[in-house]
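Visitor: I have a model open and I'd like to learn how to read it. Could you walk me through it?

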Amino acid sequence: MKRSPTIVFLLGLAVFIIVRLATGQILLYLRAPMTGLLCATIFFLLLIVWSYGMQPEASPHTDQVDGDDSHDAHDHEHVHNEEACACGHGHGHDGDSDEIACACGCEHGTTWLKVGLMALPFVIGLLIPPQPLASSAMSNRSLNRVSSRSTRALPAAQENRADKNLYQWAMYLNDSGDPASVSGQAVRVTGFVYRDTRCGSNTFVVARFVMMCCAADASPVGFPVQWPDAVAFKKDEWVTVTGHFGVTILDKTPMPIINADSVQAVESPARPYLSPWGP
Amino acid sequence: MSATKEHDSGKGRRLWVSLARAAGIVALVCCQPIATALWEYRDKVALFLTIFQGIFIEALPFLLLGALASGFLAVYVKPEVLSRFLPRNRVLGVLAGGLIGMIYPVCECGAVPVVRRLYQKGMTPAAGISFLLASPVLNIIVIFSTAQAFGWGKMVVARVIMCYVTAVVTGLVFSRLAPGDILLPEVTANPHDHTRMRWNDVPFWKAMSLAGDEFMDMVRYLIIGALAATLAQVLIPQSFFLSWAKGPVLSVVAMATLAFTLSLCSNVDAFVALGFASFFAPGALLAFLVFGSMISIKNVTMFRSTFRQKAIWRLILVPLVISWSLAILFNLLWRN
């Protein structure tokens with residue numbers, strides 16, 4: 001009884017993670033390899049709930065989390081002093097010294113109210129359809145702030161240049177530091193459409209987020225695309241851009257730009273983020 | 001003593017209730033404007049939810065691991081064992097505390113539940129603090145991931161040494177304070193006299209249930225910490241930190257503040273720091289990697305489960321002063 005809020009919360013948390021794993025939505029929040037760890041998490045959450053079931057019925061006095069009174073059966077040693085109850089959590093013994101008390105059977109006064117407040121972000125998270133990081137996250141982060149030192153971990157896609165993704169292009173360019181080094185090279189990349197104030201009617205940015213671990217560390221990579229009918233694509237729409245790199249001057253600095261031969265709208269990918277450790 | 005505590009906890013409960021009531025009333029009165037505002041900023045709301053769930057889900061397995069370790073410590077490890085392994089001497093205890101992370105490789109989400117249990121088993125507050133601050137960096141996984149990002153070289157060595165020095169000095173500063181000034185009463189008072197409670201005879205099931213209780217105790221701090229960190233991420237653009245970050249001193253301040261708001265897991269922050277490598281001096285990256293993995297919005301919230309508010313201020317300021325000065329020093333030396 002006294003553990004019901006705890007048990008409900010733990011089960012709810014397990015269900016929350018199962019939903020995210022089963023729908024594949026976990027890939028909107030995390031890099032994939034966490035999946036095994038999360039399965040273990042679900043297992044241990046359930047094991048904890050199971051262990052609560054294995055404990056003997058709580059004795060009546062440990063039931064008093066809220067101070068509701070039902071201590072008829074004091075069949076056990078009834079110790080109520082400072083040492084026994086130094087736990088300082090909500091035992092609710094205001095005044096009445098007979099009203100116990102040591103709910104410190106480690107039930108730290110978890111009430112339905114607290115559990116409800118704790119569950120709130122997750123309930124909202126489940127109700128609102130999840131979205132991958134996209135344009136709205138771009139304004140807070142800097143574009144192409146990626147370094148190439150971790151290339152050691154990369155598969156050798158360098159040979160076939162047309163197969164490089166946005167992250168690999170961004171690293172390549174950060175390394176060389178010179179947009180002219182890629183000028184004229186064929187490129188074929190997939191990403192979402194992003195616009196900032198500098199984009200005219202015939203340019204947009206094709207961008208994508210690179211994630212190491214979770215959504216908190218994702219950083220965007222992307223390049224401007226020159227395409228006559230750029231306004232036809234809505235922001236955050238996923239596109240595959242095929243074309244050649246060129247150089248444009250933006251804020252008096254040379255910048256790489258993709259002169260597109262074709263721009264195709266595509267389904268948003270199941271893995272919306274790129275990873276430094278491969279596809 | 002007990003009376004004030006009861007008073008506090010009653011106050012705490014009333015606070016929860018009145019908060020919930022206030023929230024309910026506000027929600028009812030402002031239903032329509034709130035809905036409009038949410039719709040207006042639906043992109044930001046979606047962004048908020050995505051980042052929050054990212055931080056939370058990523059930290060969850062480590063928090064649970066910490067809670068499980070705490071449960072099994074409670075059942076299987078006697079206080080005598082701990083005192084046999086940890087030196088009695090004040091300085092040696094702090095030095096040893098900082099090294100525990102090497103055999104227990106989790107970041108701070110997994111360290112806080114364990115340190116709470118170690119305190120109940122009689123660890124000194126100072127040794128626990130040096131464990132808490134050092135373990136996010138002085139562990140095998142983090143050392144390897146740092147090396148993968150920066151290569152085996154100065155950065156790895158400097159990160160480990162700076163972190164250990166900061167943790168130990170902070171521990172020594174705290175060793176001059178009385179335990180009661182550092183820890184919350186419920187942590188020190190050894191209230192968990194589990195003999196009074198009837199537990200299943202099998203130690204394993206008892207340990208699991210204790211782990212569950214510890215987890216429930218800690219998870220709310222993780223939720224609040226993740227919410228606060230997400231809010232900071234959504235509201236403050238990164239360019240805010242980067243625009244004024246010139247020179248050996250200001251760059252350190254900027255990167256350390258950025259790390260504080262990002263609340264990244266220490267396992268991956270090296271790769272994030274690498275992204276800034278071409279814009280910042282190495283000392284600034286070190287401040288990001290050392291101060292950021294010890295002290296962040298998420299961590300500080302979790303500290304509230306164990307430490308008094310006054311101690312938490314010191315727990316922020318002392319590592320800040322030490323690690324920032326070390327980082328600035330590193331910047332100045334690196335130039336020559």
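Guide: Below we take some features one by one, with the general idea before each case.

Guide: First, the ground rules. This is a predicted model, where local features need pLDDT of at least 70, side-chain atom pairs count only at pLDDT 80 or more, and totals for chains, interfaces and linings use all residues. Residues are numbered from 1 along each chain as its sequence is written, chains are lettered from A and ligands numbered from 1 in the order in which they are written, and side-chain values use heavy atoms, with hydrogens and water left out.

Visitor: What about contacts in chain A between residues at least 24 apart?

Guide: A contact means heavy atoms within 4.5 Å. Take the contacts in chain A between residues at least 6 apart in sequence: 66% of them join residues at least 24 apart.

Visitor: At what angle do helices α1 and α3 of chain A pack?

Guide: Axes are lines fitted to C-alpha atoms, for helices over the stretch in contact, and angles run from 0 to 180 degrees between N-to-C directions. Here α1 (residues 4-22) and α3 (residues 112-127) of chain A pack at about 10°, their axes 10 Å apart. That makes α1(A) roughly parallel to α3(A); the cut-offs are under 35 degrees for roughly parallel, over 145 for roughly antiparallel, 65 to 115 for roughly perpendicular, and oblique for the rest.

Visitor: Which residues meet there, and how do they divide into nonpolar, polar and charged?

Guide: From α1(A), the residues include Val8(A), Phe9(A), Leu13(A) and Phe16(A), and from α3(A) they include Trp112(A), Met118(A) and Phe122(A). For the classes, Ala, Val, Leu, Ile, Met, Phe, Trp, Tyr, Cys and Pro count as nonpolar, Asp, Glu, Lys and Arg as charged, and the others, Gly among them, as polar. The contact of α1(A) with α3(A) has twelve nonpolar residues, two polar and one charged.

Visitor: Now α5 of chain A. What do its buried residues pack against?

Guide: Among the buried residues of α5(A), residues 166-176, are Leu166(A), Trp169(A), Met171(A) and Leu173(A). The buried residues of this helix pack against β1 (186-194), β2 (203-210), β3 (219-226), β4 (238-250) and β5 (253-265) of chain A.

Visitor: What caps the N-terminal end of α5(A)?

Guide: A polar contact is a pair of N or O atoms within 3.5 Å; within protein, one must be able to donate a hydrogen and the other to accept it, and residues adjacent in sequence count only if both atoms are side-chain atoms. The cap is Asn165(A), with a side-chain oxygen 3.0 Å from the backbone nitrogen of Tyr167(A). Just after α5(A), Gly177(A) takes a positive phi of about 70°.

Visitor: What does Tyr52(A) touch?

Guide: Tyr52(A) is in α2 (residues 34-54) of chain A and counts as buried, with 5% relative accessibility. Not counting residues up to four places away in sequence, Tyr52(A) touches Arg3(A), Thr6(A), Ile7(A), Leu10(A), Ser209(B), Gly212(B) and Asp213(B). The backbone oxygen of Ser209(B) lies 3.4 Å from a polar atom of the Tyr52(A) side chain.

Visitor: Is Arg116(B) buried or exposed, and what does its side chain join?

Guide: Arg116(B), in α6 (residues 108-120) of chain B, counts as buried at 9% relative accessibility. A polar contact of 2.7 Å joins its side chain to that of Glu214(B).

Technical notes
Buried < 20%, exposed > 50% of the residue type's maximum accessible area, 1.4 Å probe, protein only. Helix = DSSP H or I, 4+ residues; strand = E, 2+ residues; numbered from the N terminus.
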